[in-house]
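Hi,

Here's the structure I promised to pass on. Have a look at it first, and then read my notes below.

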Amino acid sequence: MSDQQPGYGYDPQGPPPQQPYGAQGWQSAPPGGYGYPPAGPYPTPGYAPQPPSAPSHSTAMWAHLSALLTVSAGSVICCGIGAFLGWIGPMSIRNDSRGKNDPYLRHHTTEALNFGITQAVMAVIGTVLYFGTMLVYGLAADETQLASAGLAIPMLTVVAMMAAYGLTGIICAILATVKAKSGEWWTYPRLIAWPMLKP
């Protein structure tokens, strides 16, 4: 009598019979898995050490610097158009996912955005005053006044006021850039950046 058990059809001491292709079934993965590291102990959620977040000082600095460069250099290069566009750089940084979740970055991007919007509004006001002065003087003056240099005085007054305001804004933006880089919370004067948006 053989040692074979009925129903199995192979000798337990011998090699197992070969199965046809597709009938093998699932095989267990080799130790370590297929190219994955072996499973180890899992940390408890909330207690695993988190990597430190990168400092947001330089990003906050770029929010102020983008507004500053757009308003100053953009105005010089593009005939004053940059004064209308100083809000674009800070708005893109503020609406980024990091700008929404980091309170320090949110504060500085909001300040820079308020600065850019205020400069754009003041550029519109300055343009209206400049051309409005020219129009009113042209309609109200007689021919002798039109022939004289009387128009230059009100127009130069508007230009001087806007230039002084623009220079003050540039100085404040430079201060904001330095403060943001050094990690300080800083707010523009209300005349330079109207607090229209809150962090």
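Let's start with a question: does Tyr130 count as buried, exposed or partly exposed, and at what relative accessibility? Keep in mind that this is a predicted model. Tyr130 comes out as partly exposed, because its relative accessibility is 29%, and buried would need a value under 20%.

Now the aromatic rings. A pair of rings is described by how far apart the centres are and by the angle of the planes. The count here is four aromatic pairs. One of them is Phe115 with Tyr188, a stacked pair with 5.0 Å centre to centre and 10° between the planes. That pair links distant parts of the chain: Phe115 sits in helix H4, Tyr188 in the segment after helix H6, 73 residues apart. Both Phe115 and Tyr188 are buried. Tyr130 and Phe131 make an edge-to-face pair instead, at 5.2 Å centre to centre and 90° between the planes. Ring pairs also join Phe115, Trp186 and Tyr188 into a cluster.

Next, have a look at Thr109, which is in helix H4 (residues 103–140). Thr109 counts as buried because its relative accessibility is 0%. Its side chain reaches the backbone oxygen of Leu105 at 2.8 Å. Beyond its neighbours within four places in sequence, Thr109 is in contact with Ala63, Pro90, Ile93 and Arg94.

Last one: Ser66, in helix H1 (residues 57–77). With 18% relative accessibility, Ser66 is buried too. Leaving out neighbours within four places in sequence, Ser66 is in contact with Gly89 and Pro90.

Cheers

Terms used: Residues numbered from 1 in each chain as written. Predicted model: local features only at pLDDT ≥ 70, side-chain atom pairs only at ≥ 80, totals over all residues. Heavy atoms only, no water. Helix = DSSP H or I, 4+ residues; strand = E, 2+ residues; numbered from the N terminus. Buried < 20%, exposed > 50% of the residue type's maximum accessible area, 1.4 Å probe, protein only. Polar contact = N/O pair within 3.5 Å; in protein donor to acceptor, adjacent residues only side chain to side chain. Contact = heavy atoms within 4.5 Å. Phe/Tyr/Trp six-rings, centres within 6.5 Å; stacked < 30°, edge-to-face > 60°.
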